[in-house]
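Subject: Structure handover

Hello,

Please find the structure below, followed by notes on what was found in it.

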Amino acid sequence: MLVSDSDLRLAISAALGRPIGGIERRPWPYRSSVPMEKLTVVGHGPLLFKDLSPRTRPCRPDFMIDPLREVEAYQSLLAGLDTPALYGAVVQPGRVWLFLELVDGIPLWQAEAPDAWEAAARWLARLHARALPDGSHLLHYDAGYLRRWLERADAIAPAGTVAGLRSPVLRAVERLSCWPRAFVHGEYYPSNVLVHGARIRPVDWETGGIGPGLLDLAALTAGVWEPMRQARIVAAYRDELPALPDDFEAVLDAARLLVAVQWLGWSQTWSPPPEHRHDWAADARTYAARVVA
């Protein structure tokens, strides 16, 4: 990251409202779509520096990127949700920086206790129960957005991968488009949810938006699961939102199909780290069969 120590000191001083001494910089060990560093600030302690400045991000499609989305989320949309505290932001031509609380805890995918996963589902349900925020930079997970992934997958996935998926995907889009809209995280995968004791602290709000909340639940429960454990996570979400429509399970299957197709159309040049790789084509076939059943 081509950011000088002097520029960082000036920005942190402005964010904290007082001069600071030296800073120690270390690359943040967890992968992200943008550069991140752990900063140890003399007289303050550690914080997380996230550089959202406009640049080519081969790990995320261009139409998803808005450097100001996460800034807006932390500044005005996440109050009361126990997300990392915002110390300050820098928004200048060609430069968008966030200085955030360095959250203790481990990514949810490393948590073996079922209680942590169920707590993450309940946290998610409470997010979806909130009033819709008024944000000018939010993504809109509408029918057009959801259909776009099928076209991408058809264009970039290996030949034959999406054969037979068009009709189920379009039906899934129709079902999700009728689901109640909510404030969604957009990438509520276990790698973006930190667990610290009983606290659930989601991070990385670059894809926050308005859409069907079951997309988030599908992301949380994606991958290979023992069925009863997955069912307990889903039940924890439903218990927190008891008035959900009767077709909940069918629409959740539709959401899981769309999450799988999204990953099939994600990128030709980027692949996830080994610990997060998954056979999304197999998932797509499984949930396509359920959607048309």
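Some ground rules. This is a predicted model, in which local features need pLDDT of at least 70 and side-chain atom pairs count only at pLDDT 80 or more, while totals for chains, interfaces and linings use all residues. Residues are numbered from 1 along each chain as its sequence is written, and side-chain values use heavy atoms, with hydrogens and water left out.

The chain as a whole

There are 9 helices and 11 strands in the chain (DSSP runs numbered from the N terminus: helices are H or I, at least four residues, and strands are E, at least two). The radius of gyration is 20 Å, close to the 19 Å from the globule rule for 293 residues, so the chain is as compact as a globular protein of that length (the radius is taken over C-alpha atoms, and the rule is 2.2 Å times the number of residues to the power 0.38). Along the principal axes, the C-alpha atoms fill a box of roughly 65 × 40 × 35 Å. Of the 293 residues, 51% are buried (buried means under 20% relative accessible area, exposed over 50%, partly exposed in between, with a 1.4 Å probe and protein chains only).

Three strands form an open sheet in the order 7-11-8, with mixed pairing (two strands pair if DSSP finds at least two bridges between them). Strand 7 (139-140) and strand 8 (181-184) are at the edges with a single partner strand each, so one side of each has no neighbour in the sheet. Strands 8 and 11 pair in the antiparallel sense over 4 bridges; Gly211 in strand 11 is the bridge partner of Ala182.

Two aspartates with positive phi

Most residues other than glycine have a negative phi. Phi of Asp82 is near 60°, and phi of Asp204 is near 60°. Asp82 lies in the loop between helix 2 (67-77) and strand 4 (86-92) and is partly exposed, at 31% relative accessibility. Asp204 lies in the loop between strand 10 (199-202) and strand 11 (209-212) and is buried, at 14%. Beyond its neighbours within four places in sequence, Asp204 is in contact with residues including Ser32, Lys50 and His185 (contact means heavy atoms within 4.5 Å).

Regards
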